[in-house]
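Please keep the sequence and the model in view while reading.

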Amino acid sequence: MSGDAGVDAQERYRLKVNGREREVDGAWIGESLLYVLRERLGLPGSKNACEQGECGSCSLMLDGVLVASCCVLAADAVGSEIRTVEGLSPEGELTDVQRAFVTQGAVQCGFCIPGMIVAMHDLLDRRPDADELALREAISGNLCRCTGYGRIFAAFHAVKEERARAST
Amino acid sequence: MKVAHPRTLDEAFDALERLPDAQLLAGGTDFVVEVNFGHRRPPAVVGLRRVGELRGWRREDGELVLGAGLTFTEIENELAGELPALAAAARTVGSPQMRNAGTLGGNLGTASPAGDSLPVLAALDAKVVLVSRAGERTLGLGELVTGVKRTALRQGEIIREVRVPRLRGPQQFLKVGTRNAMVISIACAGLVVDLDGRTVRCGLGSVAPTPVRAAEAEAFIAGAIDWDGPRAPADAVARFGELAAAAARPITDHRGTAEYRRRAVQVICTRALTRSLA
């Protein structure tokens, strides 16, 4: 028999979110990770729009990989490391990418921004020397209907310059 | 609903015995969306993403063995040299987020007519290895995918791997959609030239209930190519495109009309062959 019997009809399981073990109790087991984070664990940073993996606003890191949390079954994320936009920096602090979005005016309505921030961190973590073409590819699944992306690209370049200055 | 998290195939077979009505779950990019929209509510789910035997790929004699759990991102990053058409197809799947989650085995299990890997696997004459507690069996792609979102997978069976030959020669994938990124195909084609076997193999996607091979076009062009190039006269290349279009059995739906799809097949097959010749 399996050492891990999985999640059964009691519909209670634990998720590791932003370094903390969180109990999910009384949930329907077919709920997406996005739904559980927002509606059961009080983490509304990941946004809910399309629920079909088209818009990227629910992007987060699952075991270090960028995914759309609307397409992850929450009960299948048991045992995985989940990092949401809330967990990118200590409580009350902004990351360098978030600061750059503020200073460059890269936010308009703001709905897509948490997913955009997570995707941009993922790109810069994997490829610190990524160019704008790589960024365009990396956020091709993060739809923004307000900004036209220009200020988002500006924020990306600002972060790269800031990191380059910090490392010299 | 119950959800099992096996870490090995053996544990997965246990779970499938315990939960005989379970839906297999790979990357979730199709299945979880169906659950989100209330279209599916299976009594149980067996999540396969932890199963070690499904991960990765390897070379084995004249073949490449691709684990069912291989993600599109992994295919794109690791197999562009060995399987350029499959890597190109992987690169056109959804967004980076979808490619990080979606798997080759999931694409086969879902068996959507628009599954991007399918026409390439058809062109490669891929063999799909299914395993269960009772043993294993190997099916051709045409035997596995039996209809729109229908497969020959039996209860208790899991797709373990896909086996494709290592071939010398160009391989192309072309896809038509409404834009470049994040698009579901209106028509797509995989084309593989086997220089040693002196064959051209062409799989079509999104233009029939299942991936189809353009057999008549393949037979025609194999005889028309000067294999020392390889090169072929322009009228033969054009004829290849027409014959490939004739192999399509498209429907009209919200993504495109049957006429448009047939024309798109002609254009992309002509273009894929042109790019493959000297």
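Helices (H or I, at least four residues) and strands (E, at least two) are DSSP runs, numbered from the N terminus. By this assignment, chain A has five helices and five strands, and from the N terminus on its elements follow the order β-β-α-β-β-β-α-α-α-α. The model is predicted: local features need pLDDT of at least 70 and side-chain atom pairs count only at pLDDT 80 or more, while totals for chains, interfaces and linings use all residues. Residues are numbered from 1 along each chain as its sequence is written, with chains lettered from A and ligands numbered from 1 in the order in which they are written.

Along the principal axes, the C-alpha atoms of chain A fill a box of roughly 55 × 35 × 30 Å. The radius of gyration is taken over C-alpha atoms, and the globule rule is 2.2 Å times the number of residues to the power 0.38. For 168 residues a compact globule would have a value near 15 Å, and the 17 Å of chain A agrees with this. A residue is buried if 20 or more other C-beta atoms lie within 10 Å of its own, exposed if 12 or fewer, and partly exposed in between, with C-beta atoms placed from the backbone. Buried residues make up 44% of the 168 residues in chain A.

Within chain A, helix H2 (residues 96-103) and helix H3 (residues 113-126) pack at an angle of about 130 degrees, their axes 10 Å apart. Axes are lines fitted to C-alpha atoms, for helices over the stretch in contact, and angles run from 0 to 180 degrees between N-to-C directions. Angles under 35 degrees count as roughly parallel, over 145 as roughly antiparallel, 65 to 115 as roughly perpendicular and the rest as oblique; H2(A) and H3(A) are therefore oblique to each other. To this contact H2(A) gives Val97(A), Gln98(A) and Phe101(A), and H3(A) gives Ile113(A), Ile117(A), Met120(A) and His121(A).

Two residues are in contact if their C-beta atoms, placed from the backbone, lie within 7 Å. On this criterion, 29 residues of chain B are in contact with 31 residues of chain A. The largest share of the side of chain B that touches chain A, five residues, comes from H5(B).

Elsewhere in chain B, Asp196(B) lies in the loop between strand S12 (187-194) and strand S13 (199-205). Asp196(B) counts as exposed because it has 9 C-beta neighbours inside 10 Å.
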